[in-house]
Amino acid sequence: MAYTNTYALIGAAAVLGGMARMTISLTVILLECTGNEQFVLPLMLTLMTARIVGGLFNDDLYHIHIHLKKGVHFLEAELKSITRHHRLRAADVMGHHVLFLRPVEKVSMIVDLLKNSKHSNFCVVDTENGSVLYGTIGRHALTVLLQQRAFGPRSDSTIRKDYIEVGTEKEIFLQIVQWDVIEKDYVKNPSVDDVNIRPEEYNFTVDLRPYVNIAPIAVQEFASIRRTYELFRSVGMRFLPVVNRHNQVVGTITRSDLTPEALSQTMLEKAKKRD
């Protein structure tokens with residue numbers, strides 16, 4: 001017959017296992033506290049049972065706290081089967097209101113975009129070449145470019161002098177602001193409100209081409225939601241452009257668009273359209 005303290009240990013392990021859903025780590029911790037190796041098998045069985053039973057009812061405590069915290073959109077390791085088999089596409093969940101910049105953009109447009117949106121990345125669209133996706137650029141890089149005053153009056157000579165052509169197809173852009181300057185204050189994340197721009201400078205232009213990621217990860221609008229979810233989750237992305245067969249941006253996907261709540265709402269809206 002076991003002692004009462006043994007039942008107390010097993011009961012405490014079951015409570016901890018049901019709350020944290022950890023097995024091996026809790027087993028090691030409790031064994032170090034007791035110093036008795038005879039409890040290895042009972043503790044492992046108890047913690048495993050608590051993990052399985054708890055998973056049938058709800059998430060663990062840490063996942064619940066993540067979902068309760070506003071602004072944190074946590075994506076599970078795998079897409080739920082009900083969503084995966086509902087034939088959702090990237091075009092069904094994307095945001096159709098695309099905020100974009102041009103390769104050579106006015107200072108006023110950049111300032112308004114940074115002040116009126118909270119996006120961390122923006123598409124760069126070449127409006128003079130079929131409105132195709134030219135690349136992406138981050139909010140931090142845009143703010144640093146404004147801080148470093150990497151702009152000037154717009155003219156054909158100003159636009160063309162920032163790069164040299166090598167061969168017939170390749171272009172190498174000469175940077176006004178070096179990358180070590182842009183990455184220096186990355187953790188501080190400067191605000192556009194701290195940038196002092198004179199009224200006459202709002203009509204100046206910024207050549208974004210040296211700082212644009214010209215090989216961004218994008219997804220086709222007819223791609224399955226499962227492929228989109230796995231790409232977003234595996235790469236750890238926060239922003240995903242959606243393009244059509246002509247490489248024109250038709251929408252963007254963020255983490256908030258792939259949460260279980262957002263996907264459920266998308267499925268309901270799609271069902272209503274069918275009815």
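Reader: Hi! Which residue in S4 is the bridge partner of Asn-121?
Author: In this predicted model, Asn-121 has Gly-138 in S4 as its bridge partner.

Reader: Nice. How many bridges join S3 to S4, and how do the two strands run?
Author: Strand S3 covers residues 121-126, and six bridges join S3 to S4. The two strands run antiparallel.

Reader: What order do the strands take in that sheet?
Author: The order is S1-S3-S4, in an open sheet of three strands with mixed pairing. Strand S1 (100-101) and strand S4 (132-138) stand at the edges. Each of these two has a single partner strand, so one side of each is left without a neighbour in the sheet.

Reader: And which strands does H8 touch when it packs on the sheet?
Author: Helix H8 touches S1, S3 and S4. The direction of H8 makes about 75 degrees with that of S4.

Reader: Staying with H8, at what angle do H7 and H8 pack?
Author: Helix H7 (residues 107-116) and helix H8 (residues 139-147) pack at about 135 degrees, and their axes are 11 Å apart. That angle makes H7 oblique to H8.

Reader: Is the crossing of H7 and H8 left-handed or right-handed?
Author: H7 passes H8 in a left-handed crossing.

Reader: Which residues meet there?
Author: From H7 you have Val-107, Ile-110, Val-111 and Leu-114. In H8 they meet Arg-139, Leu-142, Thr-143 and Leu-146. By class, that contact of H7 with H8 divides into six nonpolar residues, one polar and one charged.

Reader: Time for aromatics! How many aromatic pairs does the structure hold?
Author: The structure holds one aromatic pair. Phe-151 and Phe-204 form the pair, which is tilted, with 6.2 Å centre to centre and 50 degrees between the planes.

Reader: Where in the chain do Phe-151 and Phe-204 sit?
Author: Phe-151 is in the loop between H8 and helix H9 (156-160). Phe-204 is in the loop between helix H10 (179-184) and strand S7 (205-207). The two are 53 residues apart, and the pair links distant parts of the chain.

Reader: Back to strands: what is the order in the sheet with S9?
Author: That open sheet has three strands in the order S8-S9-S10, with mixed pairing. Its edge strands are strand S8 (219-220) and strand S10 (249-254), each pairing on one side only.

Reader: Which helix packs on that sheet?
Author: Helix H11 (residues 225-235) does, touching S8, S9 and S10. Its direction makes about 145 degrees with that of S9.

Reader: How many bridges join S9 to S10?
Author: Five bridges join strand S9 (residues 239-243) to S10, and the strands run antiparallel. Val-243 stands opposite Val-249 in S10, and Phe-239 stands opposite Thr-254 in S10.

Reader: Last one: which residue in the S9 and S10 turn has a positive phi?
Author: Asn-247 does, with a phi of about 65 degrees. The hairpin of S9 and S10 has five residues between the strands.

Definitions and conventions: Residues numbered from 1 in each chain as written. Predicted model: local features only at pLDDT ≥ 70, side-chain atom pairs only at ≥ 80, totals over all residues. Heavy atoms only, no water. Pairing = 2+ DSSP bridges. Helix = DSSP H or I, 4+ residues; strand = E, 2+ residues; numbered from the N terminus. Contact = heavy atoms within 4.5 Å. Axes fitted to C-alpha atoms, helices over the stretch in contact; angles between N-to-C directions. Parallel < 35°, antiparallel > 145°, perpendicular 65-115°, else oblique. Left-handed = near helix turned anticlockwise from the far one by under 90°. Nonpolar A, V, L, I, M, F, W, Y, C, P; charged D, E, K, R; others polar. Phe/Tyr/Trp six-rings, centres within 6.5 Å; stacked < 30°, edge-to-face > 60°.
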